[in-house]
Each structure stands twice: as C-alpha cells, then as structure tokens.
Amino acid sequence: MTTSRLSNWLLIAGIMTGFCAAAWQGNLASTYSKPDGFIRFHQRISPDAIFYPPYAMLESLALAHWQRGKTLVIIGGNSIMNGVGQPKDDVWSLRLQEQLGDRYVVVNLAFRGAYPTQGAALVAESLLLRGYPVIYVANTNPPAATGRAPGGASGYFYWQALYQHRLAAFPARDESIRRWLDSLPATERRQQDEERLGARLEAWFRQQSLWHHVGYRHFFTVWNFILARDFWVPHDRLPDTEPHAQPLADRFKNFLPEEMAITRGFSETMAVPGPGGSWQLEEGNRQRLGADIEASVVPLLRPHTLILLNKNAPYYLDRLSPAERARDVSVYAACAQIFRDHGIACEVAGDDFESADYIDRAHLSAEGGRKLAQLVARKLKEFPQP
Amino acid sequence: MIFNTYWFICFSAVFFPIYWFLFLPVLRRFWLLAGCAVFHFHFAGPAGVLPIIVIGLVAYLAGLTRWRFLCAAAIALSVAALGFYKYAQFLCVDLLGRLFPGTGALLERQLHTLHPIAAPLAISFFTFEFVHYLVEVYRGREPIRRPDDFALFAVHFPSLVAGPIKRYQDYLPDLRAGLAGVTVDDVAAGAQRIALGLVKKVVLADNLTLVINFYGPGFAGLSRGQAWLFLAALAARIVLDFSGYTDMAIGLSRLMGIRLPENFNYPYLAVSLQDFWQRWHISLTSWIRDYVYIPLGGNRHGLLRRLANGLFVFALCGLWHGPAWHFVLWGLWHGVGLVINFSYVTLLGPVGRALAGVFTRLPVLGWALTLLYVAFGWLMFFYEPAQAWAMAVKLFAFHGP
C-alpha cells in the first residue's frame, strides 16, 4: 500500500472516528450542558442571537434547580414572563422565588415570542410524567390563545421533546399538528419537515447539544446583529444586559397609533355587543379557544398550570373609549373563564397595575414584575401541593 | 442550500455506503439513477420534475434520430421552456410592458392563468445541458444511445442545482469509470473537497450573507471605510458561496468516483477581465463561448462585430442569472469591460501599447483594476440599478462621512 493510499485510509478512519466522538460528546453534553448562574434565557443566549438551546438543556436546567421535597415552578410563555424590561437582578421570577419561599424552586424558561404550549410547557409535561412535583406558569393574551407547540422560533423544542420520547400520549395534539402541517404552504412545510428531521437526528447524535455546548463554552460560529463583533465569543462570557426602564416620562412615546391599534386588536375581533350595552365573547372565538386548549394543553398538565392573561399598559387602555374598555374587560374575563372551564387556573394580570409598572405596551418594569410575582405567588399557594 | 439540509445528510448516509458496497457496475448504475430520481423529486416536487422529464425525453429522442431538423426543434423547445418558466414574466412586464403598456398588461393577465408560481428547479442548468447535447449531435457527434446514460447525464444529483454545467462527452467516460469502481483515493479526495466547500459556504459565505443583509439597507449611513468593507464582503460572499457549492458538488460526485469539471480557478487572482472570465464560472463561460459567441461569429468578422458579439453574449450571460434588468446591466458591465480589454491597444495606438506594457510589467496593477471592476459589478448584480449607483457614488464621493 502506498503512503498516499494509507493516508487516505487514515483520513476516512479519522472522519468516522471523529463523527462517533462528536456523537458521544454530544450525548454527554445533553446530560449536563446548561448556562452558569442561570436566571433566564436573556437575549444573547436565545434564538434572537441565533442561539437555539436544545430541549435537553431546558430539562437539565429545570432538574438542576429542583431539590427533593420542593415544588418546581417552571415559568414559560413569552417575553413578558422572560422579564424583558427588568435588569437581571430585578427579574420578576427572582421576586417570585422570594415570595414563595424555600418550599418552591422557580426556574424561568420563558422565551421571547413563545406560546404557553412551547418550550417550558414541554419540560413541565415531561417532568410531571416522571413524577416530579411541578407547577407550570405561563402567559398569553386573548387573540394569541394557547398557540401550538411546533412552529415559530421556539417550535423546535416540540420536535426534539417528541423524538426524545419526553411527551405524554396526546392524540388530540397529534391530530391538530398533523392538520396544521397539512395546511402549510410548501416552503413552510419543507422548513417544518427539516426541523423535525433535525430533531430526530438530535435524539441520536445530539448535534445541536454539542454545537450549543461548544458555542456556550468555547466559540460560536454564526454572526448576528445583536452580538455583531462579539458573535464568536463563547456565550458564557456574554452577560445579561437587559437595561433598566427609562424614566416614566420617556416611556410610551413611540408608535402610539400602532400600539393603540394592537391594544384595540386584543378585543376588537373577539367580542360582539351583548344585551344592555354589555359585551360578550363571539361564539366562534369561544369555540376556537376551547378547541385550542383541548388540542394543545395535555390533560396531565392542566391541573398543574396557571395561565396569566396579561393586560396592556394603562397608558394605552386609558386612551380607549369607554365602550372599548368595557369590551376589553369582558373579553379578558370570558377568556379566563374558558381556561378555568377546561381545568386550568387562569388570572388576568394587570388589572391593578399602573403606568410605572410597564416599560412599554406589554412588558413590565421591575415594579410591575414585583406585582406580578405577588399575584402569581398568591395563586400558586392556593394550588394543592403536588 | 440543499447540501447542508438534514434531508440531504440522511440521503447521503443511505446512498453512498450502498453505492460503495454494490460491486457490480450495473447495480451501481441503477442505484445512482434511483438516487438521482429521489433527490430531484424531493427538491423539485412533481410540478418541477414533469417538465424536465418531458423536455429531457424530447431531447433524448431527437438526439437518437440524429435528424438535424428534430435536433433544432428540440433545442427550440428547451429554450422556449426556459423562456416560459423563467423569463415570461420579465418579457411581458419588464420589457413589453414598458414598450407597449396595453399589450404588456394583456399578456401579464394571460400569463397569470397559465404560469406556475415557480420555475422547475434548476431549469437553467437543464436547458444548457440539453442544448449542449443537441448542438453536439446536430454537429455530427454520436448521440447517447442508452436512456439510462442520458438520464444520469441529465439528473446527476450533485451538479443538479448549481452546476458545474457538464459536457456529455466528458461525463460519460467518467461515469463508467466511477461505476466500475470507487477507490479510497476518490472517497478521501471527495470528502476533503466537501469539507472545503462546507467551510466556504456555511462558515464564511453564510455569515457574510447575514452581515450583508443587515448592513445593506443602511448602506447610506455607513462610513467610507465601512462602505468599502461592505463591498469587499459582497465580493467575498459570492465567490465563497458559489465556489463552496461547486466544491461540494465536485466532492459529492467524486465520492462516487465520478469527476466533474472545475468551475472556479481563483478568479480574484485574475490580472485582466479576460483572465477573470477564464477563472469564474468556467463551465458557463465555455458554454456561452461554444454555443452562442462562436456561432454568432466570435472573433472572425472584424473588431466591431467582435465587440458587438461580446456585448450581446454578456447581456445574455447576465440574463441567465435571473430575469431582471440589474442582471442584464451586470452582464453589460462585464461586456463593456471586455470590449475595453480587447480593444484599447488597437484603438489607442501608441498610448494603448504603452499601457499594455505597464500592465505587463506591473501585473499587480491589472489585478487591482480587475478586482475593483469586478467588485463594482457585484453592486449591479445584487442591487437594483438606482441603488447600485447610489452605493457606487458613496464609495467614491469626496464629501460625506
């Protein structure tokens, strides 16, 4: 055998060995890899910065926080629950931990733009299946309802959890997702198929776990505008830089017409006039929300879940007409009742909040976070101990 | 990008090991054919596959008869299909619509009822390969007899999406050699080439794409230095992206023992525009030379005809990249550059000869000028003419940030 041929054999053997070693390291990483001193998935370790934490990392984080004899409070939902608007030392979930005391451990797994049925919800479902004492807290708003587990920036968690056999059997969810996939345009369908295939491979080879572990500890490879020149920096060196809220006088200044349109949109298409100048939830919306809950919130999780319906900031609500305000109140109340009717605790968050509690239309300041923590702590203490 | 999808990774994990362990060439042949069919169907879908099957079948049968009339008719069909799927909208709306608004609007309405949403995958590459085949048969070369040979030539999956554009007289012997046996040297060379392509495409070009997409809309607000860096990123991105893809295509084919033609040869080291086009997208350049430029008369009928031919083929080359005016403009930019490149010595007399002497003695000067010329061309390639012009003005403006 010539030297050249021998080196070619060695190269091929090296590629195969390298692949096996990478899969082995990926499998190891999936069992322990998680952010240090974790408070939340701040923007620089989130899909916004093209850092897509694998599902296994979420579970590792939850389990690392949990201690025997304590109830694990998993926070899911969107940027409001993530604590956007609150500096890292003032994130509302830290205040919730203080309010709840030592019998609970709180872990904030919320992501910007996530639905209450994505990411953290799947971790809660998986841990409940395995007998852990879990309470799940997430948020939504009337038009967004429960969303669906796959799709969007946080949808990949569902496929990964599914193929890692972390989820309960739930035919209604399977059927709803199948119908949704069938309804997608070809390009989006291909994107979902690709995400799904990646999740199948992740269950075996843990390529995502390895890549994100390397990205977190050693170096990152994808440029993004949030990190710009620091894109390659190991993400464990990237601090949570969420700023303090602006002075109250400077808030709510931008995009007033657009924000007012969004605020109106929360109830505009949801309600119809009822008798005596009242408002009631339009029947189609009532049925849609009920059907969404039935097809997306696994029955196992419902008794352990608290859903918050976040209200918009008073700055905008106060600018609605009295009829619009009444419509808003009735839509929130009706939606909360639908959640309760399906066995899910639900609270409207923001009824007694003030302008200073918000940094913009939706996100809470540190003060607002403290109020939210008080509300959630009060409700969670009413939950039966798992 | 198809080669770094999970689907393609799974496809490769099944396809290549079986290909290697099928020792009989006939079995390998059918496995390769099946692989090409699955690949094409997956990425093109039924609506993308059917037109290619029809045009391919016509090209194959026409070639088989060796009747020149039929070959010419099949060439016309291939070109018409390309025109219909890729350029009908452009011709009706952007060309006819501007000249004759009434007719353009009428044609556009008709088009919407007939036209599919997207052209079949890689129809430009298919058309160029079919036209090449039919022209060669028309000129008297032996046609491909075996339908499976023709099918493999047409849908050889590594080169399906972004070339290189193959020549059947080179491809078929390489195909037979690959089917007869794959050596470890082939596999090792293929793997190295794929790795090189992946680094160029995924690590470098894709990151540059993100940078360009982010800073592009705010180009007017960049400082002069940043604007020049942006231009450099634009130029680097396209060569890394395209040559990276070609590296992967060549590497994947080599894993089967089949060699594909090279498509790039360090184009940014070119010392003249003529040199650049002998190094950039070589398979397209040679195709246009052989099947458009030379039949039009090439260099044979005096300087003026040569220059006109050059401008025409480069406008066509630009249009091949996409149905939009800025691609035509990019082609003409290069056409004009080549006209100058070819003619300045003759037209400028002693001054031209002196200039040529300077370029010979200082090749770095030719290299810098060529690189600058090509880089400015990329502004036209990627942006609408008005925006490209504004960007170019900013790069050379003597005032401003």
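Okay, let's start inside chain A: the axes of helix H4 (residues 92-100) and helix H14 (residues 366-382) of chain A come within 8 Å, and they cross at roughly 40°. That angle makes H4(A) oblique to H14(A), because roughly parallel would need an angle under 35 degrees. The crossing of H4(A) and H14(A) is right-handed. And just so we're clear, this is a predicted model.

So who does the touching? On the H4(A) side you've got Trp92(A), Arg95(A), Leu96(A), Gln99(A) and Leu100(A). H14(A) answers with a list that includes Gly369(A), Arg370(A), Leu372(A), Ala373(A) and Leu380(A). Sort the residues of this H4(A)–H14(A) contact by class and you get eight nonpolar, three polar and two charged.

Now over to chain B, which comes in three pieces: domain 1 (6-180), domain 2 (185-255) and domain 3 (267-396). Take domains 2 and 3 of chain B: their centres, over C-alpha atoms, are 22 Å apart. Nine residues of domain 2 of chain B are in contact with nine of domain 3 of chain B. What classes sit on the domain 2 side there? Nine nonpolar, with no polar and no charged residues.

Last stop, the two chains together. Here 15 residues of chain A are in contact with 14 residues of chain B. On the chain A side, helix H1 (3-32) and helix H8 (186-205) each put in at least two residues, and H1(A) gives the most, with six. By class, that side of chain A has nine nonpolar, four polar and two charged residues.

Notes:
Residues numbered from 1 in each chain as written. Chains lettered and ligands numbered in written order. Predicted model: local features only at pLDDT ≥ 70, side-chain atom pairs only at ≥ 80, totals over all residues. Contact = placed C-beta atoms within 7 Å. Helix = DSSP H or I, 4+ residues; strand = E, 2+ residues; numbered from the N terminus. Nonpolar A, V, L, I, M, F, W, Y, C, P; charged D, E, K, R; others polar. Domains from an automatic or database assignment. Axes fitted to C-alpha atoms, helices over the stretch in contact; angles between N-to-C directions. Parallel < 35°, antiparallel > 145°, perpendicular 65-115°, else oblique. Left-handed = near helix turned anticlockwise from the far one by under 90°.
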